[in-house]
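Thanks, everyone. I have one structure to walk through this morning, and I'll keep it short. Here it is.

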Amino acid sequence: MPPLPHPLRTRAFRLFFIGRSLSLLGDAVIPAALALAVYMATGSASDLAIVLGCSMVPKLLLLPVGGVAGDRFNARTVALATDLVRCAAQLFVGVELLGGDPRLWQIALAEAIGGAASAFAMPAMAPLLTGTVEEENRRRANALMGVVGSATRLGGPALAGVLILTAGPGWAFVLDSASFAVSAALLSALRVRHVPPVRRSLRADLKEGWSEVRSRDWYWTSLFAHSAWNGAAAVLMTLGPAIAFEQFDGKTFWVAFLQTGAVGLLLGSLAAGRARPRRPILTANLGLATYALPLTLLAVSAPAPLTIAAYGIAQAGLGFLSPIWETSVQSAIPAHILARVTSYDWLLSLAAMPVGYALAPLAADAWGPEVPLLAAALVVGGTCLATAAVPGVRRFGRPVADAPALSRTPESPPEPELEHVQKEV
C-alpha cells in the first residue's frame, strides 16, 4: 500500500488548519490581556470573576444546543458564523479598551456573546475535521492540531506580554478579532462533507445524542476521568500561585512551572503523532492519571525541580491524550451525531472546572491547601486508573481476533474495530 499523503497536502484541511491555528494563537493571548484589562479598569478581582462567569455560563448552557446545530447544519456554516460573531465581540472589547474608558457591563456582555458563540463552535470542530480529512489520515491531522494547540499555549502568553507592555491589552483583543476574521475568510473558501441527520425536535435530538453517549461504556466512563482531570486542574490553578509564593520563590517558580507544562503538552502532542498503542483509550486514560503527581508533590512541599518536572510529565499526558481521544471518537461515532456527542464531552469536562474553582479555596481555608490538593490527586488518579476496569475501555482498538464477541441491541450498533487507531497516538 502506498504511503498516505500528508494531511496538509489536502487543500481543504490546509485551509482549516491555517485558520484554526491563527484563531488558537489569537485566543492564547486573551486570558492575560483580559485579566489585566479588567483589573486596570476596576481594580477588583471580583469584577474579573464576573466577566469570566459571563463567558462561561452561556457556554455551558448552550453546548448541547450547539451540538444539535453542528449535526443539523454543515459544520463549515456553523464555524463560519461563530467566527464572525466572535470576531465582532472581541473587536468591540478591543475598541472599548483602546477608547480609554471601558465599562465593565459592556465587556461582560461582549464576553457573554463570545461564550455563547463558542458553545456552537466547539462541537463543530470534530465534524469539520472529519469533513475535510479522510478517515485513514485523521490520526495525523488530529496530532497536527494538538501540536498547534500546544504551541500556541506555549507562545501565546509571551505574545500577550509583548502586546500588553508595548501597545496595551486592547490590541490583544484586536489581534484575536483579526484571527477570527481570517479564519472565517478561509472557511468560506473550503467545502466540507456533511451527513444530515433525520430531522426531529430539539428535545429528540438532544435525547438521541445522550443515548449515543450512554450506549458506549468506553466513552461515558472516560468522560468521568476527563471531568475529574479538569476539576483537579482548577484546584491546582487556584491554589498553585499561593503555594509558589509561600513555599518557593514566587514568580520564578510559577513561570517555570507553567512553561514546563506547556513544553510537556507540546512534546506529548508530538509523541501522539508517532505512537501506536494497541489499546488507545486505555493508554490515554492511564497517561492522564499522571496529573496526580504534581498535585501530590505540591501538597507535600517536594523540591521545586521535582515538582516542576512532574507537571511537565502530567501535561505531556494531556497532550498525548487529546489526539488519541479525538481520532478514536471521530472513528467510532457516526458522522450524523458526532457534534452532539462531542458537545456532551465538552459540557461534562468544563462543568467540573467551576466546581474546582469554588471548592478549592474553601477547603484550603478550612483545612489548609494540602487537603484539597491531595483530595484532587486521589480523585483524578483514582478515576483515570479505574477506567482500566471497564470492558469497553480495555477492548477499544484490540485486534478482532483478540476481542470477545459482544452482544448488541438495535439501539447500540456495532462499533468498528479501530485497527488504524492502534497505529496512532
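Start with Trp346, which is found in helix H14. Helices here are DSSP runs of H or I, at least four residues, strands are E runs of at least two, and both are numbered from the N terminus. One caution before going on: this is a predicted model, where local features need pLDDT of at least 70, side-chain atom pairs count only at pLDDT 80 or more, and totals for chains, interfaces and linings use all residues. Residues are numbered from 1 along each chain as its sequence is written, and side-chain values use heavy atoms, with hydrogens and water left out.

Back to Trp346. Is Trp346 buried or exposed, or partly exposed? Its relative accessibility is 36%, so Trp346 counts as partly exposed. The cut-offs: buried is under 20% relative accessible area, exposed is over 50%, and partly exposed is in between, with a 1.4 Å probe and protein chains only. Leaving out residues up to four places away in sequence, Trp346 touches Leu63 and Met122. Contact means heavy atoms within 4.5 Å. Lys59 is 287 residues from Trp346 along the chain, yet their C-alpha atoms are separated by 9.7 Å.

Helix H14 also holds Tyr344. Tyr344 is buried, because its relative accessible area is 10%. Beyond residues up to four places away in sequence, its contacts are Pro64, Leu206, Gly209, Trp210, Val213 and Leu223. Take Leu206: Tyr344 and Leu206 are 138 residues apart in sequence and 9.7 Å apart in space, C-alpha to C-alpha.

Now the chain as a whole. It has 17 helices and zero strands. Of its 425 residues, 53% are buried. Among contacts between residues at least 6 apart in sequence, 86% join residues at least 24 apart.

Next, the cores. A nonpolar core is a set of buried Ala, Val, Leu, Ile, Met, Phe, Trp, Tyr and Cys residues joined through side-chain atoms within 4.5 Å. The largest has 55 residues, and Trp218, Tyr291 and Leu295 have the most contacts inside it. Helices giving two or more residues to this core include H9 (217–247), H13 (304–332) and H14 (338–367). H9 gives the largest share, 12 residues. Apart from this core lies another, of 21 residues, including Leu80 and Val192.

A cavity is a set of points, on a 1 Å grid over the protein atoms alone, where a 1.4 Å probe fits but cannot get out; lining residues have an atom within 4 Å of a point. The largest cavity holds about 90 Å³. Its lining has 13 residues, with Arg20, Asp83, Met125, Ser183 and Leu187 nearest its centre. H1 (11–28), H4 (75–98), H5 (104–130) and H7 (170–187) each supply at least two lining residues.

Stay on H7 for Ser177, which is found there. Ser177 counts as buried because its relative accessibility is 4%. Not counting residues up to four places away in sequence, Ser177 touches Cys87, Gln90 and Leu91.

Last stop: Ser301, in the loop between H12 and H13. Its phi is near 55°, a positive value in a residue other than glycine. Ser301 is partly exposed, at 43% relative accessible area.

Terms used:
1 Å grid on protein atoms, 1.4 Å probe; cavity = no way out; pocket = protein on both sides within 12 Å on 5 of 7 lines; lining within 4 Å. Points joined across faces, edges and corners; volume = space filled by probe spheres on them.
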